[in-house]
Amino acid sequence: MVDKETLVHKTYPNIVSLGDVAGIPTSKTSAAVRKQVPIAAKNLISLMEGKEPEEKYDGYAACPIVTDYGHVLLCEFNYKKEPEISFPFNLIDTSKEQRAAWWLKVHILKPMYFYGMLNGFA
Ligand SMILES: Cc1cc2nc3c(=O)[nH]c(=O)nc-3n(C[C@H](O)[C@H](O)[C@H](O)COP(=O)(O)OP(=O)(O)OC[C@H]3O[C@@H](n4cnc5c(N)ncnc54)[C@H](O)[C@@H]3O)c2cc1C
(Lines give C-alpha, C1' and ligand atoms only; values in the text may rest on other atoms or scores of the structure.)
Protein backbone atom coordinates (compact mmCIF):
# COMPACT_ATOMS: atom_id res chain seq x y z
CA MET A 1 0.00 0.00 0.00
CA VAL A 2 1.18 3.49 -0.90
CA ASP A 3 1.21 6.37 1.58
CA LYS A 4 -1.44 8.76 0.23
CA GLU A 5 0.69 11.87 0.88
CA THR A 6 4.30 10.91 0.12
CA LEU A 7 3.29 8.34 -2.56
CA VAL A 8 5.98 6.00 -1.14
CA HIS A 9 5.12 2.34 -0.63
CA LYS A 10 4.57 1.56 3.07
CA THR A 11 6.23 -1.86 2.98
CA TYR A 12 8.84 -1.34 0.27
CA PRO A 13 10.17 2.22 0.73
CA ASN A 14 12.19 2.10 -2.47
CA ILE A 15 8.94 2.11 -4.48
CA VAL A 16 7.10 5.30 -5.41
CA SER A 17 3.74 5.11 -7.16
CA LEU A 18 1.33 7.51 -8.81
CA GLY A 19 -1.54 7.68 -11.25
CA ASP A 20 -4.38 5.25 -11.78
CA VAL A 21 -2.33 2.32 -10.54
CA ALA A 22 -1.33 3.90 -7.21
CA GLY A 23 -4.42 2.84 -5.26
CA ILE A 24 -4.65 6.04 -3.24
CA PRO A 25 -8.05 7.49 -2.28
CA THR A 26 -8.43 10.03 -5.08
CA SER A 27 -10.35 9.94 -8.34
CA LYS A 28 -8.40 8.29 -11.14
CA THR A 29 -7.90 11.38 -13.29
CA SER A 30 -5.10 13.00 -15.23
CA ALA A 31 -5.88 16.10 -13.18
CA ALA A 32 -4.76 14.22 -10.07
CA VAL A 33 -1.75 12.75 -11.89
CA ARG A 34 -0.64 16.27 -12.85
CA LYS A 35 -0.29 17.18 -9.16
CA GLN A 36 1.21 13.82 -8.17
CA VAL A 37 4.07 13.86 -10.68
CA PRO A 38 6.27 16.53 -9.02
CA ILE A 39 5.68 15.03 -5.55
CA ALA A 40 6.57 11.51 -6.71
CA ALA A 41 9.64 12.73 -8.62
CA LYS A 42 11.02 14.78 -5.71
CA ASN A 43 10.43 11.99 -3.20
CA LEU A 44 12.00 9.43 -5.51
CA ILE A 45 15.10 11.63 -5.81
CA SER A 46 15.20 12.03 -2.00
CA LEU A 47 15.03 8.25 -1.54
CA MET A 48 17.79 7.73 -4.11
CA GLU A 49 19.94 10.22 -2.17
CA GLY A 50 19.24 8.38 1.11
CA LYS A 51 17.03 11.18 2.48
CA GLU A 52 13.50 11.13 3.92
CA PRO A 53 10.71 11.79 1.38
CA GLU A 54 9.31 15.13 2.54
CA GLU A 55 7.08 16.27 -0.31
CA LYS A 56 3.35 15.79 0.39
CA TYR A 57 0.50 15.38 -2.08
CA ASP A 58 -2.60 17.17 -0.77
CA GLY A 59 -5.04 14.86 -2.58
CA TYR A 60 -5.97 17.32 -5.32
CA ALA A 61 -8.33 15.75 -7.84
CA ALA A 62 -10.83 16.98 -10.38
CA CYS A 63 -14.02 15.18 -11.26
CA PRO A 64 -15.63 16.52 -14.43
CA ILE A 65 -19.30 15.48 -14.23
CA VAL A 66 -21.14 15.77 -17.54
CA THR A 67 -24.67 16.86 -16.72
CA ASP A 68 -25.99 17.65 -20.23
CA TYR A 69 -24.78 18.48 -23.74
CA GLY A 70 -22.73 21.62 -23.20
CA HIS A 71 -22.72 21.43 -19.42
CA VAL A 72 -20.12 20.09 -17.03
CA LEU A 73 -19.77 20.45 -13.29
CA LEU A 74 -16.03 20.58 -12.67
CA CYS A 75 -15.37 19.61 -9.07
CA GLU A 76 -11.84 20.25 -7.85
CA PHE A 77 -10.96 19.42 -4.26
CA ASN A 78 -8.29 17.88 -1.99
CA TYR A 79 -8.15 15.28 0.80
CA LYS A 80 -9.65 17.82 3.21
CA LYS A 81 -12.55 18.30 0.76
CA GLU A 82 -11.55 21.94 0.33
CA PRO A 83 -12.22 23.42 -3.13
CA GLU A 84 -8.92 23.71 -5.05
CA ILE A 85 -9.46 25.79 -8.14
CA SER A 86 -7.05 25.73 -11.07
CA PHE A 87 -9.02 27.28 -13.94
CA PRO A 88 -10.06 30.94 -14.15
CA PHE A 89 -13.66 30.18 -15.07
CA ASN A 90 -14.12 28.34 -11.79
CA LEU A 91 -13.83 31.72 -10.12
CA ILE A 92 -17.37 32.34 -11.36
CA ASP A 93 -19.07 29.66 -9.26
CA THR A 94 -17.72 26.13 -8.77
CA SER A 95 -21.10 24.85 -7.62
CA LYS A 96 -22.72 25.55 -11.02
CA GLU A 97 -22.52 23.70 -14.35
CA GLN A 98 -20.31 25.57 -16.80
CA ARG A 99 -20.03 25.63 -20.58
CA ALA A 100 -16.30 26.42 -20.32
CA ALA A 101 -15.82 23.17 -18.39
CA TRP A 102 -17.67 21.32 -21.17
CA TRP A 103 -15.29 22.75 -23.77
CA LEU A 104 -12.34 21.75 -21.61
CA LYS A 105 -13.65 18.21 -21.10
CA VAL A 106 -14.73 17.51 -24.69
CA HIS A 107 -12.33 19.50 -26.82
CA ILE A 108 -9.14 19.51 -24.76
CA LEU A 109 -9.05 16.66 -22.23
CA LYS A 110 -10.48 13.98 -24.53
CA PRO A 111 -7.94 14.47 -27.37
CA MET A 112 -5.21 14.96 -24.77
CA TYR A 113 -6.01 11.51 -23.36
CA PHE A 114 -6.39 9.59 -26.62
CA TYR A 115 -3.68 11.30 -28.70
CA GLY A 116 -1.35 12.49 -25.96
CA MET A 117 -1.40 10.37 -22.83
CA LEU A 118 -1.99 6.96 -24.45
CA ASN A 119 0.84 7.68 -26.86
CA GLY A 120 3.06 8.93 -24.05
CA PHE A 121 3.23 12.51 -25.41
CA ALA A 122 1.39 14.29 -22.59
C1 LIG B 1 -12.56 8.21 -21.84
C2 LIG B 1 -11.78 8.79 -20.69
C3 LIG B 1 -12.03 10.10 -20.29
C4 LIG B 1 -11.31 10.65 -19.26
N5 LIG B 1 -11.57 11.94 -18.90
C6 LIG B 1 -10.82 12.54 -17.97
C7 LIG B 1 -11.03 13.91 -17.65
O8 LIG B 1 -11.90 14.58 -18.21
N9 LIG B 1 -10.25 14.47 -16.73
C10 LIG B 1 -9.25 13.78 -16.12
O11 LIG B 1 -8.54 14.37 -15.31
N12 LIG B 1 -9.04 12.45 -16.35
C13 LIG B 1 -9.80 11.81 -17.27
N14 LIG B 1 -9.60 10.49 -17.55
C15 LIG B 1 -8.69 9.71 -16.72
C16 LIG B 1 -7.23 9.88 -17.13
O17 LIG B 1 -7.07 9.72 -18.52
C18 LIG B 1 -6.40 8.84 -16.36
O19 LIG B 1 -6.61 9.02 -14.99
C20 LIG B 1 -4.92 9.00 -16.66
O21 LIG B 1 -4.67 8.73 -18.01
C22 LIG B 1 -4.08 8.08 -15.78
O23 LIG B 1 -2.72 8.22 -16.13
P24 LIG B 1 -1.71 7.07 -15.77
O25 LIG B 1 -0.40 7.56 -16.30
O26 LIG B 1 -1.79 6.74 -14.33
O27 LIG B 1 -2.21 5.78 -16.55
P28 LIG B 1 -2.41 5.55 -18.10
O29 LIG B 1 -2.72 6.84 -18.80
O30 LIG B 1 -3.39 4.43 -18.21
O31 LIG B 1 -0.98 5.10 -18.60
C32 LIG B 1 -0.49 3.82 -18.40
C33 LIG B 1 0.42 3.49 -19.58
O34 LIG B 1 1.08 2.25 -19.31
C35 LIG B 1 1.07 1.51 -20.49
N36 LIG B 1 1.21 0.10 -20.10
C37 LIG B 1 0.30 -0.74 -19.58
N38 LIG B 1 0.80 -1.94 -19.34
C39 LIG B 1 2.11 -1.87 -19.72
C40 LIG B 1 3.17 -2.80 -19.72
N41 LIG B 1 3.04 -4.05 -19.27
N42 LIG B 1 4.37 -2.40 -20.18
C43 LIG B 1 4.56 -1.13 -20.62
N44 LIG B 1 3.57 -0.21 -20.64
C45 LIG B 1 2.38 -0.57 -20.18
C46 LIG B 1 -0.25 1.83 -21.18
O47 LIG B 1 -0.19 1.55 -22.55
C48 LIG B 1 -0.35 3.32 -20.90
O49 LIG B 1 0.29 4.10 -21.90
C50 LIG B 1 -10.31 9.89 -18.59
C51 LIG B 1 -10.07 8.58 -18.99
C52 LIG B 1 -10.80 8.03 -20.02
C53 LIG B 1 -10.53 6.60 -20.44
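What is the mean pLDDT of the protein, and what percentage of its residues reach 70 or more? This is a predicted model, and its mean pLDDT is 88, with 92% of the residues at 70 or more.

The fold can be read in order along the chain. The secondary structure consists of 2 helices and 2 strands, and from the N terminus on these elements follow the order α-β-β-α. Helix 1 covers residues 30-48 and helix 2 covers residues 99-117. Strand 1 is made of residues 61-68 and strand 2 of residues 71-77. Along its principal axes, the C-alpha trace spans about 50 × 35 × 20 Å.

The two strands come next. Strand 1 and strand 2 run antiparallel and are joined by 7 bridges. One of these pairings involves aspartate 68, whose bridge partner in strand 2 is histidine 71. The hairpin has 2 residues between its strands, and glycine 70 adopts a positive phi near 85 degrees there.

Side chains of opposite charge can pair when their charged atoms come close. The structure holds 2 salt bridges. One of them is between glutamate 84 and lysine 35, with the closest N and O atoms 3.7 Å apart. This pair links distant parts of the chain, since glutamate 84 sits in the loop between strand 2 and helix 2 while lysine 35 belongs to helix 1, and the two are 49 residues apart.

The remaining topic is the ligand. Which residues come nearest to the ligand? There are 13 residues around the ligand, and Asp20, Thr29, Ser30, Ala31 and Tyr113 come nearest. By class, the shell divides into 7 nonpolar, 3 polar and 3 charged residues. Helix 1 and helix 2 each supply at least two residues of this shell. The largest share comes from helix 2, with 4 residues.

A polar backbone atom of lysine 28 is 3.2 Å from an oxygen atom of the ligand. For serine 30, the distance between a backbone N or O atom and a ligand oxygen is 3.0 Å. For alanine 31, a polar backbone atom is 2.9 Å from an oxygen atom of the ligand. On its own the ligand has 1000 Å² of accessible area, of which the protein covers 48%.

Technical notes:
Residues numbered from 1 in each chain as written. Predicted model: local features only at pLDDT ≥ 70, side-chain atom pairs only at ≥ 80, totals over all residues. Heavy atoms only, no water. Pairing = 2+ DSSP bridges. Near = heavy atom within 4 Å. Polar contact = N/O pair within 3.5 Å; in protein donor to acceptor, adjacent residues only side chain to side chain. Areas by Shrake-Rupley, 256 points an atom, 1.4 Å probe, with all protein chains shown as cover. Nonpolar A, V, L, I, M, F, W, Y, C, P; charged D, E, K, R; others polar. pLDDT = per-residue confidence, 0-100. Salt bridge = Lys/Arg side-chain N within 4 Å of Asp/Glu carboxyl O.
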